[in-house]
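Visitor: Could you take me through one part of this structure in close detail? I would like to look at aromatic side chains and how they pair up.

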Amino acid sequence: MKLKVSHILALTLLLAAPSIQAQHTIPEVEALLKKMTIEEKIGQLNLVTPGGGIATGSVVSSNVEDKIKAGQVGGLFGISGPEKIKTAQDFAVKKTRLGIPLFFGSDIIHGYKTTFPIPLGLSSSWDMELLKRTAQVAALEATADGINWNFSPMVDISRDPRWGRISEGAGEDPYLGSQIAKAMVTGYQGEDLMAKNTMLATVKHFALYGAAEAGRDYNSVDMSRLKMYNEYLPPYKAAIDAGVGSVMSSFNDIDGIPASGNKWLLTDLLRDDWKFNGFVVSDYTSVNEMIAHGLGDLQAVSALSLKAGLDMDMVGEGFLTTLKKSLDEGKVTAEEITTACRRILEAKFKLGLFDDPYKYIDKKRPAKDILKDENRALAREAAKKSFVLLKNDTKNLPINKSSKIALIGDLANSKDNMLGTWAPTGDPQLSVSILQGFKNVAPNAQITHAKGANITDDAALAKKINVFGERVTIDKRSAEEMLNEAVELAKKSDIIVAVVGEATEFTGESSSRTDISIPQSQKKLIRALAATGKPLVLVLMSGRPLVLEEELALSASILQVWFPGVEAGNAIADVVFGDYNPSGKLTATWPRNVGQIPIYHSIKNTGRPQLTSEFEKFTSNYLDAPNTPLLPFGYGLSYTEFEYSNLNVNASQINQNEPLIVTVSVTNTGNFDGEEVVQLYLRDVVRSITQPVKQLKGFKKVMLKKGETKQVTLTLTPDDLKFYNSNLDFVAEPGDFEIYVGTNSDATLKSSFTLK
Ligand code: BGC
């Protein structure tokens, strides 16, 4: 079947105003719906995977070919490449009665074959244009391989570094998270979804998945509406406002009802309030999992989900196998099935699949578009901009390119651990190891390498980590032998660079930890290296904030590099040897210990705030640790220094709906050119509900030559002063506000204004 685009106008409207999620009916889709049987409609609601990629649950669909031909499949995921996709699309287009084309979905979380840093790393760049460009390249490469639908961006706010999936998001802050959500959606979907190099994006996991209790994956979430609206929902809403085509429901429950069957969430909020008009796909078997949540059998939970507003069932086949029965028994209506089907067909229409189901199938494209030099160059740029310099007191970084360097650590000579979690479409073997990167960037340096220690000595843990490939290898040599070898090299060097931290899959799905410190084997190594008295630089890899007090004390410098992606080694070397001055800033607070979690900058004051750093009885504090984090949100050093002065506001009083212009002078007082992320925090002094001590409400990344001063302007919009009050009305309340501007969330340079 081929539908002609006779409604170019309607479509142009749809695409021209992606932020207005208004309802339109598409005549071609309505005509098609009229021809469809109820079974064919139910078929469209079924998303299957024939395997391949990463299966994140136990289910892999069977008889996929037969099901497609029987009109029982709306989309496939886990397959790629023009040939395979053409074969599957042929089954749908040529062998079914109505020839409705399939979606081809995939998890392209941080790049397709050109793997960029993990999302938590990318977020640390605070560079929205850069993030958007990575999404554009991901879309270019994925569509070249036939994929038209991406299960990204993941925008779950997380304030709990125990949670393994903190690595997949943008950290703790709703303001920054919202900017990133928008950048990613517009990057993937572009200006024109009909183009061949853009794809449908999915915002996930709707909703609140990052607030899983105790950081344990898939765990329950219980949260007040106020907290949801003010702190956790904004990034999803930003993605909807940016025109995202689909939404993925999350695994967790909300107010006692799992997201995939939660009508308040999927209909009242998402569609009625937010005017979302795309389709909602479940997470992997999340409909079926409502059985384990205790909400009924497969038929009951499938009906509940459909009625709640879920449109497509990912791999669980509850919709496929039970909805007809539920219809016959009056438990769902034909209208509900048609509505879900309409939303899916409309999305296919918006992608142009009805015009040309083979539009992403071009055998020449993979070689032309995938892994081309400029894509890899962007991966290198993104990686170096994602790194955060945590310590450099003695200025041991950058290192002279002709130094004698002991490069220590298993992670220093690993390709398997460079891509990070959720990179199933990437190939670790294409990545540049750190050892190789050092040789590329500093060919005159004298570099020796020793493993020094296993990433972990815990064989049981290693087995869990190695589920997708050999990330951790336990050496046959004794720990002592490895350690001694490293110490000997260290003693002969000018400087030690130890690459330490987590392996890939220490974070990611189903990878929560109760102990978020560097594994013991590597801690011993760090102690031994520090004891040599040689300057010790740590290149730290992790997918989460770590507990790092001891290592901060033992080392001269620490560069946090997350999991940098395919250009890892080159990008790290660029920064270590000073070709690029680090500019990343933390997007999640680093705790002193696990007991401080959840920890984040926008905390509330309480009625008994601890006013000094001294312990004071009957104030809100701990007996055994300070309240302050190890490293605050927004923190990150540079090889140069920046000074802030002359903070001004353009008015001491403003009216509602009037913006406030904030200016500040920033001077580069050090010896390197460098970029600084200027951050603006706001405090509403008095309001009708308790408020955070400060909230990020603006930032700008600026480049300053050494000695240069720039006046930086940040604008607070009327919405920036608003919050959801007890009635869940989005309001700004008259009164005094304080502004703090600086280099991180501990900023003290202060100004104020009054809202009339
Ligand atoms: C994850 C999703 C992912 C899906 C499909 C699930 O387990 O939670 O983020 O998109 O699998 O791979």
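**Aromatic pairs in close view**

Guide: Let's begin with Phe577, which counts as buried in this predicted model because its relative accessibility is 6%. Its partner is Phe438, and the two rings form an edge-to-face pair, 5.0 Å from centre to centre with 70° between the planes. Phe438 counts as buried too, with a relative accessibility of 0%. What does the pair tie together? Phe438 belongs to helix H18 (residues 434-441), whereas Phe577 sits in the loop between H23 and E17, so the contact links parts that are 139 residues apart in sequence.

The loop between H23 and E17 also holds Trp590, which pairs with Trp562 from the loop between strand E16 (557-560) and H23, so here the parts tied together are 28 residues apart in sequence. The ring centres of Trp562 and Trp590 are 6.3 Å apart and the planes meet at 70°, so this pair is edge-to-face. Are these two tryptophans buried or exposed? Trp562 is buried, at a relative accessible area of 1%, and Trp590 is buried at 0% relative accessibility.

While you are in that loop, have a look at Thr606. Thr606 lies between helix H23 (568-576) and strand E17 (642-649), and takes a positive phi of about 70° although it is not a glycine. With a relative accessibility of 46%, Thr606 counts as partly exposed. Asp255 is in the loop between strand E7 (253-254) and strand E8 (257-258), and counts as partly exposed at 41% relative accessibility.

Now back to the rings. Across the whole structure, a search finds 21 aromatic pairs. One aromatic cluster is made up of Phe77, Phe103, Trp149, Phe151, Phe279 and Tyr284. Phe103 has a charged neighbour as well: the charged end of Lys348 sits over its ring, 5.2 Å from the ring centre. You can find another such arrangement at Tyr740, where the charged end of Lys694 sits over the ring at 4.7 Å from its centre.

Trp264 is among the buried residues of helix H11 (residues 263-273), together with Leu265, Leu266, Thr267, Leu269, Leu270 and Arg271. At the start of H11, a side-chain oxygen of Asn262 comes within 3.2 Å of the backbone nitrogen of Trp264. Just past the helix, Lys275 adopts a positive phi of about 60°.

Notes: Residues are numbered from 1 along each chain as its sequence is written. This is a predicted model: local features need pLDDT of at least 70, side-chain atom pairs count only at pLDDT 80 or more; totals for chains, interfaces and linings use all residues. Side-chain values use heavy atoms; hydrogens and water are left out. Buried means under 20% relative accessible area, exposed over 50%, partly exposed in between (1.4 Å probe, protein chains only). Helices (H or I, at least four residues) and strands (E, at least two) are DSSP runs, numbered from the N terminus. A polar contact is a pair of N or O atoms within 3.5 Å; within protein, one must be able to donate a hydrogen and the other to accept it, and residues adjacent in sequence count only if both atoms are side-chain atoms. Rings of Phe, Tyr and Trp (its six-membered ring) pair if their centres lie within 6.5 Å; planes under 30 degrees apart count as stacked, over 60 as edge-to-face and the rest as tilted. A charge sits over a ring if NZ of Lys or CZ of Arg is within 6 Å of the ring centre and within 35 degrees of the ring normal.
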